[in-house]
Amino acid sequence: DDLLGSLPDMLAWQTGFLGLALLIVAGGVRRGLGLFVWLLVPSLVVLLWLLVDFALENGDVSAAGRFLFSVQWLDFTSESILLALGHAFYTLSIGVGIGIAFGAYAPDRVPLGRSVLAVAMFDTAIALAAGIAIFPLVFGNHMEPTLGPGLLFLSVPYAFGNLPQGEIYGALFFLLTVLAALGSAVALLEPGIGSLVQYTRLRRVPATLLVGVLVWLLGAAVAASLSGVPRFDGLFPWLDRLTASFLLPLGALAVAVFVGWRMQETLLRSQMYRESEGFFQLWLLLLRFVAPLAILVVWFWAI
């Protein structure tokens with residue numbers, strides 16, 4: 001509450017975080033993004049492994065296991081299926097250009113289809129590991145499991161704060177959170193900066209500065225909304241709804257329709273030459289018919 005009430009503090013932290021993300025992106029694909037990813041992924045895995053080990057030793061594993069992995073047919077409702085579909089949709093960042101940007105930088109020898117499956121599997125594994133790192137501690141402190149900011153900024157600090165060495169592992173947990181957020185910020189900045197470099201012939205550093213200024217201004221308006229500045233009141237929930245419920249599904253739907261129906265099949269096949277014909281045809285079928293329908297279902301449900 002104190003942080004949300006202090007606009008200068010929020011702007012200072014925003015400036016530092018955004019500056020670090022822009023510095024990474026300004027380094028280019030190989031020296032910036034590539035080096036950052038090679039350092040980030042092993043660091044995330046090691047930190048997460050340490051936190052999982054701590055949670056298994058100090059938390060209520062059986063209660064967390066029942067909460068995370070118990071399967072009952074009553075849980076499979078239309079709402080839960082839509083929630084799962086929407087979560088997969090957002091956690092894989094579909095529709096914001098990240099996959100397009102990183103895919104464009106992939107070497108020709110990379111099998112795209114198998115790489116996409118690997119990303120989905122790795123994403124799921126990390127999500128499960130994060131649940132194992134958090135919920136045993138929550139149940140061990142006899143707390144009700146929550147979601148979103150309440151879990152991250154209330155339940156988790158309380159859980160770590162009541163355990164021996166909890167301040168150390170709590171600090172590691174929030175270091176993990178910052179690194180994950182930084183990775184997302186870098187990935188979200190790259191499509192815009194890469195497009196400016198490609199279509200306006202700006203050099204990478206000026207394009208990075210231009211995007212950085214625009215993002216900072218938008219972030220400052222959001223910070224003003226969170227701190228209760230009257231002129232910006234209500235901006236954050238409006239932007240959250242606009243992006244999550246409209247822009248992101250619209251972008252994903254446009255990509256699926258354009259690639260599936262407008263691009264030549266021979267061109268698509270040449271980009272997936274390392275995959276079998278059966279795999280390619282299944283992918284094309286999913287892209288043309290299943291993906292647009294699923295996106296529309298999630299979209300209308302969100303609206």
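**Exercise 1. Determine how many charged side chains the protein has and how far apart the centres of the two sets lie.**

Solution. Lys and Arg count as positive and Asp and Glu as negative, while His and the chain ends are not counted. Each charge is placed at NZ of Lys, CZ of Arg, CG of Asp or CD of Glu. On this basis the protein has 14 positive and 18 negative side chains. The centres of these two sets are 20 Å apart.

The model is predicted: local features need pLDDT of at least 70, side-chain atom pairs count only at pLDDT 80 or more, and totals for chains, interfaces and linings use all residues. Residues are numbered from 1 along each chain as its sequence is written, and side-chain values use heavy atoms, with hydrogens and water left out.

**Exercise 2. State how many helices and strands the protein contains, and compare its radius of gyration with that of a compact globule.**

Solution. Helices (H or I, at least four residues) and strands (E, at least two) are DSSP runs, numbered from the N terminus. The protein has twelve helices and zero strands. The radius of gyration is taken over C-alpha atoms, and the globule rule is 2.2 Å times the number of residues to the power 0.38. For 303 residues, a compact globule would have a value near 19 Å; the protein has 21 Å, which agrees. The C-alpha trace spans about 60 × 50 × 40 Å along its principal axes.

**Exercise 3. Decide whether Leu151 is buried or exposed, and list the residues that it touches.**

Solution. First, locate the residue: Leu151 belongs to helix α7 (residues 148–161). Next, apply the cut-offs: buried means under 20% relative accessible area, exposed over 50%, and partly exposed in between (1.4 Å probe, protein chains only). Leu151 has a relative accessible area of 12% and is therefore buried. Finally, consider contacts, which require heavy atoms within 4.5 Å. Leaving aside residues up to four places away in sequence, Leu151 touches Ile134, Phe135, Val138, Thr146 and Val156. The C-alpha atoms of Leu151 and Phe135 are separated by 9.7 Å.

**Exercise 4. Describe the largest nonpolar core and identify the element that gives the most to it.**

Solution. A nonpolar core is a set of buried Ala, Val, Leu, Ile, Met, Phe, Trp, Tyr and Cys residues joined through side-chain atoms within 4.5 Å. The largest has 40 residues, and Leu51, Leu137, Phe160, Val186 and Leu189 have the most contacts inside it. Helix α2 gives the most to this core, with ten residues. Apart from it lies another core of seven residues, including Val259 and Phe280.
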